[in-house]
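This report is meant for someone looking at the structure for the first time.

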There are 2 protein chains.
Amino acid sequence: MTTTSEASLGIVGVVDAVTAQLRGRILSGDIRSGVPLTEAAVSQLFGVARPSAKAAIEQLVASGLLVRTAHRSARVVGIDSATVRDVYRTRTRLESAALRELAVTRTVPPAALDANAEILAMPPGPDPATVDPDLRFHTALIDALDSERTGRMYRSVLDEVRLCMAQVQGRRLLDAAVISAQHADILDAVASGDGQRAAELLEAHLSSAEERLVEALDAD
Amino acid sequence: MTTTSEASLGIVGVVDAVTAQLRGRILSGDIRSGVPLTEAAVSQLFGVARPSAKAAIEQLVASGLLVRTAHRSARVVGIDSATVRDVYRTRTRLESAALRELAVTRTVPPAALDANAEILAMPPGPDPATVDPDLRFHTALIDALDSERTGRMYRSVLDEVRLCMAQVQGRRLLDAAVISAQHADILDAVASGDGQRAAELLEAHLSSAEERLVEALDAD
DNA sequence: CGTCGAGAGATTGTCAGACAAGTGTACCGA
DNA sequence: TCGGTACACTTGTCTGACAATCTCTCGACG
């Protein structure tokens, strides 16, 4: 098949297209956790052969978004407290290491400043729309390292962060003004060359988010 | 196929067995970089169907051990200076973060002590046999965090470290006694709760290894 | 003699169909 | 009510096939 119009749009193949579509549906919460996701269902849903659907599912299993045991249907991974804690601890390790490096050269990533300005411009109070610029702020810190492997790792963890938020329907977030202020403090510490303080501020920042997520998860 | 004797030995399927075999051959330097690794060749080599060989190759591409562009044969990834630097910088980030955490609770992983004792017991001087306990020492630091995701990430980087060493045939290593002493210093810093010093010692330790690898790579 | 283009070979991407093997479940008998 | 067995569903793997595309080589032309 592989229509030329598909290839010109950045889709390199059928299986990658299916994978991207599935990933989007999972991260947006469209596909709920618990319901079986059979290869036949995916193959019919997108009109592709079963091997293609199988390959797409396997990619997502490798990404950690789906889980599957032998001869069982794949399912969207269920997020529990332990998962959230592990995801956030891993996140914190990467980001704090990044901040310490950036502080050495007093490098403040412009993209992080932009993302935080976007949060600050929003009306104060909890707002689901803060999620996107928030994640962009943190991604900008990692991207500033200009490391292919570190970036890849971070993005895989971030996928699971998005999955957490998709499964916690009531995304109770902190006040946008508070988030923005904490971000600004972190960047200030980086600008002043104090990597230790930047790492500590980040740890506190992410810890509160982690707790918020865990308590929302326990409320069901 | 899936013989019952295979299944009882921890092999869950044909494709996983092929993947493991291929990974071993790549990491041991058996399969040289540059030569094309076609799906048909893998399928004939292990006596499996082409889809199975394809799946195994795709897993290794995802692992970063193989590279492939569309409609081209897969090849073992070529290691250059930039790759080595990125691998080691990513490694350092994860390990230094681990040391800082361990220092907070003054936790010295027993497995790290064991691995380092193994190095110390070897005859002084460069010896390729130090590679294995050396890698086990560093892995023990990460494993002490008891984090599934962090461990997964670290292992993927470590695969590339092994690949680096496989491609640099003359594995000029530091003196076993020197390595062991540096490791001991790091653990001492952790035991005394000085995470900052542990991280700095680790950074110096890995930097020297990185330089050694880069200069060996440039000598060809 | 050097350079460019076309064709052939090789390789991958995708599909269709098929069968074996394993797991979970529902039904039936005790 | 409880336990065992048979069935349906799903996955794992294979065979075979064809289209698309990339690379390489060979020949023609300037």
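This is a predicted model: local features need pLDDT of at least 70, side-chain atom pairs count only at pLDDT 80 or more; totals for chains, interfaces and linings use all residues.

## A term to start with

A crossing of two helices is called left-handed if the near helix is turned anticlockwise from the far one by less than a right angle, and right-handed if the near helix is turned clockwise.

## The fold of chain A

Chain A contains 10 helices and two strands, and when its elements are read along the sequence they follow the pattern α-α-α-α-β-β-α-α-α-α-α-α. The C-alpha trace of chain A spans about 55 × 45 × 35 Å along its principal axes.

Of the 220 residues of chain A, 37% count as buried. If one takes the contacts in chain A between residues at least 6 apart in sequence, 72% of them join residues at least 24 apart.

## Helices α5 and α7

How do α5 and α7 of chain A cross, left-handed or right-handed? In chain A, α5(A) passes α7(A) in a left-handed crossing, and the axes of α5(A) and α7(A), the latter formed by residues 131-143, come within 9 Å and cross at roughly 60°. The two helices α5(A) and α7(A) are therefore oblique to each other. On the side of α5(A), the residues involved are L94(A), E95(A), A98(A) and L99(A), and they meet H138(A), L141(A) and I142(A) in α7(A). By class, the residues of this contact between α5(A) and α7(A) divide into five nonpolar, one polar and one charged.

Chain B has a corresponding entry for its own helices: the axes of α5(B), residues 81-104, and α7(B), residues 131-143, come within 9 Å and cross at roughly 60°. These helices, α5(B) and α7(B), are therefore oblique to each other, and α5(B) passes α7(B) in a left-handed crossing. Here L94(B), E95(B), A98(B) and L99(B) in α5(B) meet H138(B), L141(B) and I142(B) in α7(B), and the residues of that contact divide into five nonpolar, one polar and one charged.

## Where the two chains meet

Between the chains, 18 residues of chain A are in contact with 18 residues of chain B. On the side of chain A that touches chain B, α4 (50-63), α5 (81-104) and α8 (148-167) of chain A each supply at least two residues, and the largest share, eight residues, comes from α5(A). Sorted by class, the side of chain A that touches chain B has nine nonpolar, four polar and five charged residues.

Two copies of a chain are related by a rotation about an axis and a shift along it. In this model, chain A can be laid on chain B with an RMSD of 0.1 Å by a turn of 180° and a shift of 0.0 Å along the axis, which is the relation of a two-fold axis. The same surface serves both copies, since 100% of the contact residues of chain A recur in chain B.

## Two leucines of chain A

L113(A) has its place in helix α6, residues 110-120, of chain A, and with 15 C-beta neighbours inside 10 Å, L113(A) counts as partly exposed. Leaving aside residues up to four places away in sequence, L113(A) touches V108(A) and L187(A).

L174(A) lies in the loop between α8 and α9 (176-191) of chain A, and with 16 C-beta neighbours inside 10 Å, L174(A) counts as partly exposed. Not counting residues up to four places away in sequence, L174(A) touches P126(A), I179(A), S208(A) and R212(A). L174(A) and A209(A) are 35 residues apart in sequence and 7.8 Å apart in space, C-alpha to C-alpha.

## Two loop residues with positive phi

Most residues other than glycine have a negative phi. H71(A), although it is not a glycine, has a positive phi of about 60°; H71(A) is placed in the loop between β1 (66-67) and β2 (75-76) of chain A, and is exposed, with 5 other C-beta atoms within 10 Å.

The phi of D146(A) is near 55°, a positive value in a residue other than glycine. D146(A) lies in the loop between α7 and α8 of chain A, and is exposed, with 10 other C-beta atoms within 10 Å.

Definitions and conventions:
Residues are numbered from 1 along each chain as its sequence is written. Chains are lettered from A and ligands numbered from 1 in the order in which they are written. Two residues are in contact if their C-beta atoms, placed from the backbone, lie within 7 Å. Helices (H or I, at least four residues) and strands (E, at least two) are DSSP runs, numbered from the N terminus. Ala, Val, Leu, Ile, Met, Phe, Trp, Tyr, Cys and Pro count as nonpolar, Asp, Glu, Lys and Arg as charged, and the others, Gly among them, as polar. Copies are superposed by least squares on the C-alpha atoms of residues with pLDDT of at least 70 in both. Axes are lines fitted to C-alpha atoms, for helices over the stretch in contact, and angles run from 0 to 180 degrees between N-to-C directions. Angles under 35 degrees count as roughly parallel, over 145 as roughly antiparallel, 65 to 115 as roughly perpendicular and the rest as oblique. A residue is buried if 20 or more other C-beta atoms lie within 10 Å of its own, exposed if 12 or fewer, and partly exposed in between; C-beta atoms are placed from the backbone.
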